[in-house]
4 protein chains.
Amino acid sequence: MLNTLIVGASGYAGVELATFLNRHPHMNITALAVSAQSPDAGKRLSDLHPQLKGILDLPLEPLSDVSVWADKVDVVFLATAHEVSHDLAPQFLAAGCVVFDLSGAFRVNDGDFYTRYYGFTHQHAAWLEKAVYGLAEWQHDAIKEAQLIAVPGCYPTASQLALKPLIEAGLLNDAQWPVINATSGVSGAGRKASLNNSFCEVSLQPYGIFNHRHHPEIVAHLGVPVIFTPHLGNFPRGILATITCRLQPGVSREDIAEAFHNAYQDKPLVRIYEQGVPALKSVVGLPFCDIGFAVQDEHLIVVAAEDNLLKGAASQAVQCLNIRFGFPETQSLI
Amino acid sequence: MLNTLIVGASGYAGVELATFLNRHPHMNITALAVSAQSPDAGKRLSDLHPQLKGILDLPLEPLSDVSVWADKVDVVFLATAHEVSHDLAPQFLAAGCVVFDLSGAFRVNDGDFYTRYYGFTHQHAAWLEKAVYGLAEWQHDAIKEAQLIAVPGCYPTASQLALKPLIEAGLLNDAQWPVINATSGVSGAGRKASLNNSFCEVSLQPYGIFNHRHHPEIVAHLGVPVIFTPHLGNFPRGILATITCRLQPGVSREDIAEAFHNAYQDKPLVRIYEQGVPALKSVVGLPFCDIGFAVQDEHLIVVAAEDNLLKGAASQAVQCLNIRFGFPETQSLI
Amino acid sequence: MLNTLIVGASGYAGVELATFLNRHPHMNITALAVSAQSPDAGKRLSDLHPQLKGILDLPLEPLSDVSVWADKVDVVFLATAHEVSHDLAPQFLAAGCVVFDLSGAFRVNDGDFYTRYYGFTHQHAAWLEKAVYGLAEWQHDAIKEAQLIAVPGCYPTASQLALKPLIEAGLLNDAQWPVINATSGVSGAGRKASLNNSFCEVSLQPYGIFNHRHHPEIVAHLGVPVIFTPHLGNFPRGILATITCRLQPGVSREDIAEAFHNAYQDKPLVRIYEQGVPALKSVVGLPFCDIGFAVQDEHLIVVAAEDNLLKGAASQAVQCLNIRFGFPETQSLI
Amino acid sequence: MLNTLIVGASGYAGVELATFLNRHPHMNITALAVSAQSPDAGKRLSDLHPQLKGILDLPLEPLSDVSVWADKVDVVFLATAHEVSHDLAPQFLAAGCVVFDLSGAFRVNDGDFYTRYYGFTHQHAAWLEKAVYGLAEWQHDAIKEAQLIAVPGCYPTASQLALKPLIEAGLLNDAQWPVINATSGVSGAGRKASLNNSFCEVSLQPYGIFNHRHHPEIVAHLGVPVIFTPHLGNFPRGILATITCRLQPGVSREDIAEAFHNAYQDKPLVRIYEQGVPALKSVVGLPFCDIGFAVQDEHLIVVAAEDNLLKGAASQAVQCLNIRFGFPETQSLI
């Protein structure tokens, strides 16, 4: 049994993490924590999220002294803000914990990236270099050896799982940038009081055009430029990404099917559609990324769907845990 | 042309008021105002509510000195918090304005009521006594003479329109209190950042059981006790009230139909269903209260539906204006 | 391992049943079936419900000859229309199968009940008599011995779980009938093309006032008259019931709490709230019925929430299976 | 006063047409009609759409003999299926009526278009040639002279209003096709019983990829190739189109703003955003198409939003009527 601490357990991704880990046969939740300033500190998780009543009634500990917990646990999950993860992760790592960070703080091995897109100067270049990007289907071997796993963002997971096989196989025409249009549920904005997220204000609309933080994350890891336009949708959970690409001359539907097959044939949490494309409802509440596509002449539309809180956050973190410690990859996820 | 000022124009009821008055042939919107402390002050209404772009682009004036506006306008609409209306209304009234107050500050002629249910000591007993309760279908003659009209709350409007004809006709068995179960859209909670109203938190649930402020308002004006259980629903607008009553022995379906007919036959904004009961969608965006009912033996179910922001707030205020100044009752509402 | 057949597996309750049984360590799904006339016959379950792709890809067998399957399975789940269950159940029972019927065909031991409320003459009085009503928390011992378990309807489950402890403890004043106002998600109407269920038509509204089939089911099993008003809500899943009761003189909040405690203290799938009342979201996707209440003088409001497809159908059927065969009561449900 | 007949009045676009025309000071609704086979024939419009109760209670006449009505009316609106419009329009035209057809039957002056994309052989080449495409902002002068106005489809209206000014001004780089990703509310599929449109089945998803009928309509009228991917969204009304374009080298934000300004400065029903992009809610229930955009280097994102039933159907038809007969362009629309 591995002892684990979940920091930021009261947020939407945190509560999903707690639910998965609570039923994981090899994990013991030592504690749930929130920042010492959080109004949620001291409450039980099931007071904030009554669906967990009777299932997971642990209190939310105020995290003041990291060392208190670092010695008691083997594994730490950080479902915290970027700056908080940036500060906490090295402390837990120094104590020997394996850390799964769901924030953006260690996703790109480039200090300038943080100055530019996150507005802070990264202080932990060594850990940035050692961190493994937890795109589970593509980093299996690196994850097995890692002490710090930076779990990808929700949009980057869907976008990369859809595009990476095509890029690796050399099927895309680089005269034209892939156009990623993606729509996310409101939970992507986190659990907080905000007029933007209030029920009567939410409506389908693009946001962060040309300046969303997930754009450079996608570009950094794919290695090609893309156009990325995120949208807020009027639903609580899920991401649907519709990606328009131009193919190299002569690329056929079969070539694309083969590229996806080769990439994911033994990957249980990516489901490739032989025909048709996924709908959002097919993945909400599930740990999958579903991918379908359509081709016409040199034009390719790839559609990827996932639950932003699961494959886009919590279940991918647990999937990385399973890989890291040699548990079955889908343990406690399906 | 009457000049008018709308205070609290940036809220959900305020923007509906502004829309109605903007197309009213006898009204001139002199200004829109918000409290001087509001972060909305200085913005254009259409910046906050882009559906009004090109239709109503007036700025939101910070209301600091009432006298500046009181001299320029004939009519004032207060879509403000109870305490704010309590303080502002007398100032505008003293200057001779006719005031339509959408808050609870002048709805019940009983100072104790405010101490008990609103938590403040009412300072304006004289105005409280002069105020006319703007339940339009029942206060026609009083409204015509009033200087201060206290527009009813959203739940009380639906509840009273449904029950008053039955009570007046003596059809209800007073051995049993009417049971009012009502569900309101989220806009009823106002336009503000709040975790309770955030998209991912909203879910059908009762609230304010046995202690909602609208309960004593209903009881005070109906003159009979009721049980009132409000619910929050997962939709932006509208109220549906399902009311269970016990009838006096021998009361027939025809008696009930006749009571409703007598009460509303010449009232254009209450629609009585000859058969069936209303659905919420039949009234959203419209100034009606729709009422249907079903009878079995001594049991009566009355269903009333309205848009909480319209017949439950803004359109009823304009309906009162129309009555007060002798305009057609539905002017600019349908 | 018990072999099982699920008939009606393509409907909303059927797919939930299939999901639970697919992960049940003691159950083997021998086949999924639909009626021979169904357009779904021959398709894979995951073609109709892509969320199951890769999890449960079995085909939907057209059920023509019952004997083909009756000999191969130990347990049959019928998620079929009333008339279909009425005809199929006796055939499977005769072959020795244990049958869990989710329809209304065997819920009330009274032939007249079916003539009157279901419009057909019941042909199987002997089985009607032997059938055990599967309200799991109240029929534990009878279920253990039963061959035919008639799983309760969705509204009756929530209504009875809320009221039965109070009635048994003699806390309710029988001068006044309990008033049950309940709102169900659209899935309660089944998976079928219908204008009433179409996205643009659905809206909060009462239906079946004074004549819904679940009313006599509730009355028959509670043994007291009630007023029951069902509503359609604009959400896919869940039921919230708000029940207004009159208490015997002198009954206190503590008395009510004690009655619920006594009834459910060792029942893992009913959660009693010490304070507050449940919201719909706390139970959607979960096998619980959550109950909370509020008291004022002689007035009691009880609120019960459940997922109509789970505790109101599929999970309660599996809960009955677990009880019947001595598995842990929550096996594969949480 | 012009007498008018609305055929197909019971559908979602039909009921909007009826509402606009009912309040139009120069129009008299002579009758509402549906096909003789429709189950709606004989019912009152307000029985099907209770929001119109007391506002528009006319019966739905079964349309059997066109000549009965053709002689009585000046103007006909066809909110009917393509094949029905194809057959009816010439009959009304022959009788001298002015016809506004909301179907696709006369939108593209090319018989092959119908064979290929609509699956029928067009029989009325002469009328096809005379028909004016009612994209109101761009066909003002032609509409004024037309007897047959083919009102554009919902997606084509948003797409063309967004792209046409840029194409006309020569700002787009034709090395790359504009990528149109658009999401429509469920009402776009019409008012009919269908599993696809049922409440529990609807979910965000692309459909008709590379083969939606609106694609060739857009291409035919824009004169340039585009990639068009429609999506079904989980909301009743509205379309949001996000269009990704490549600009000619050196084109600036100001150039784009100027192109939009020149195209729409005197067009009251297209609203150009000086900054930001529209959200769906800003246009639902309103007759506008709202357009905003963002530029980065050679990349342009244009976002257009409209109500699919209004600017994408009924209000644009009435806008064309207003232009055709010299009424103010926004008469009865705002």
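Two strands pair if DSSP finds at least two bridges between them. Helices (H or I, at least four residues) and strands (E, at least two) are themselves DSSP runs, numbered from the N terminus. This is a predicted model, in which local features need pLDDT of at least 70 and side-chain atom pairs count only at pLDDT 80 or more, while totals for chains, interfaces and linings use all residues. Residues are numbered from 1 along each chain as its sequence is written, chains are lettered from A and ligands numbered from 1 in the order in which they are written, and side-chain values use heavy atoms, with hydrogens and water left out.

In chain D, E6(D) and strand E7 (residues 148–150) pair in the parallel sense over two bridges. Within E7(D), Ile149(D) is the bridge partner of Val132(D). These strands belong to an open sheet of seven strands with parallel pairing, in the order E3-E2-E1-E4-E5-E7-E6 (chain D). Strand E3 (60–63) and strand E6 (132–133) of chain D are at its edges, each with a single partner strand, so one side of each has no neighbour in the sheet.

Chain C shows an open sheet of seven strands with mixed pairing, ordered E9-E10-E8-E11-E14-E13-E12 (chain C). Its edges are strand E9 (205–206) and strand E12 (270–272) of chain C; each has a single partner strand, so one side of each is left without a neighbour in the sheet. E9(C) runs antiparallel to strand E10 (residues 227–232) of chain C, and two bridges join them. Pro206(C) has His231(C) as its bridge partner in E10(C). Helix H10 (residues 253–264) of chain C packs on this sheet, touching E12, strand E13 (289–296) and strand E14 (299–306) of chain C, and its direction makes about 165° with that of E13(C). Here touching rests on contact, meaning heavy atoms within 4.5 Å, and the angle is taken between N-to-C directions, from 0 to 180 degrees, of lines fitted to C-alpha atoms, for helices over the stretch in contact.

The chains also meet one another. Between chain B and chain C, 34 residues of chain B are in contact with 34 residues of chain C. The area buried there is about 3000 Å², of which carbon and sulfur atoms give 64%; buried area is the accessible area (1.4 Å probe) that two parts lose on being put together, summed over both. Two salt bridges are found across this interface, a salt bridge being a side-chain nitrogen of Lys or Arg within 4 Å of a carboxyl oxygen of Asp or Glu. Lys281(B) and Glu201(C) form a salt bridge through their side chains (3.0 Å, N to O).

Between chain D and chain A, the contact takes 34 residues from chain D and 34 residues from chain A. About 3000 Å² is buried between chain D and chain A, 64% of it on carbon and sulfur atoms. Leu204(D), Phe210(D) and Lys281(D) supply 21% of the area that chain D buries against chain A, more than any other three residues. Lys281(D) also meets Glu201(A) in a salt bridge between side chains (3.0 Å, N to O).

Over all chains the count comes to 44 salt bridges. Within chain A, the side chains of Arg107(A) and Glu217(A) form a salt bridge (3.1 Å, N to O). This pair links distant parts of the chain, 110 residues apart: Arg107(A) is in the loop between strand E5 (98–101) and helix H5 (111–118) of chain A, and Glu217(A) is in helix H9 (residues 214–222) of chain A.
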